[in-house]
Amino acid sequence: MGGARILVVEDEEALTMLLRYNLDAEGYEVETVARGDEADTRLKEHVPDLVVLDWMLPGLSGIELCRRLRARDETRQLPIIMLTARGEESERVRGLATGADDYIVKPFSVPELLARVRGLLRRARPERMATRLAFGDLEIDREKHRVTRAGRALELGPTEYRLLEYLMEHPGRVFTREQLLDGVWGRDIYIDERTVDVHIGRLRKVVNIGRGQDPIRTVRGAGYAFDERFGRDDGA
Ligand code: CA
């Protein structure tokens with residue numbers, strides 16, 4: 001999923017910065033535009049992989065922009081996530097009717113938005129993201145949100161699941177606790193770095209039950225990594 005280009009159309013500066021920061025941290029190429037009419041012009045020049053589109057915008061409303069995008073061949077299939085304010089239920093329905101693929105109600109949590117982005121990109125470009133991640137006898141089925149080891153289903157909490165998925169997406173890469181907080185929890189919330197240790201501990205407990213080889217490597221003074229040799233040298 002990394003490398004996908006995302007255009008954020010939003011006029012609230014703080015929210016734009018927050019989205020840019022977090023999408024960037026996920027490895028997306030992010031562009032931001034604050035006006036609907038500018039976004040319209042931009043999208044005629046260059047079609048990204050996904051658009052995060054605010055409903056209320058100066059210049060041209062998100063709903064009108066969405067309508068225009070759906071009317072053009074080049075952007076007919078462009079994945080669009082609409083941002084709406086709380087209490088705009090009827091507008092939400094109109095947003096979908098106009099052709100947005102998904103919508104999210106403000107205020108939303110960043111991990112929630114990131115999950116929607118991932119989901120939409122996966123549906124739009126299934127080849128961009130493997131549905132199955134496997135190393136040795138450990139496997140994640142992302143469509144079913146299922147983790148198995150040696151064919152046996154593991155019961156992971158949502159945070160442990162996302163943590164394992166994140167580490168497995170980058171085998172061998174050492175992440176600091178701060179980077180894991182950013183990547184797994186999102187950057188808009190303050191969580192103590194020791195929380196990462198707690199969740200790594202829980203993850204290990206489930207993943208390693210009755211087994212010798214630990215797929216997660218603790219790098220002293222640095223952080224954690226998914227052991228890229230996992231499953232290759234059995235019993236190491
Ligand atoms: Ca707005």
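Trainee: Is Tyr-166 buried or exposed?
Mentor: This is a predicted model, in which local features need pLDDT of at least 70, side-chain atom pairs count only at pLDDT 80 or more, and totals for chains, interfaces and linings use all residues. Residues are numbered from 1 along each chain as its sequence is written, and side-chain values use heavy atoms, without hydrogens and water. Buried means under 20% relative accessible area, exposed over 50%, partly exposed in between (1.4 Å probe, protein chains only). Tyr-166 has a relative accessible area of 6%, so it is buried.

Trainee: How are the rings of Phe-135 and Phe-226 arranged?
Mentor: Rings of Phe, Tyr and Trp (its six-membered ring) pair if their centres lie within 6.5 Å; planes under 30 degrees apart are stacked, over 60 edge-to-face, the rest tilted. The centres of Phe-135 and Phe-226 are 5.0 Å apart and their planes stand at 50°, so the pair is tilted.

Trainee: What is the angle between the planes of Tyr-166 and Phe-175?
Mentor: Phe-175 is buried, at 0% relative accessibility. Tyr-166 and Phe-175 form a tilted aromatic pair, 5.0 Å centre to centre, with the planes at 45°.
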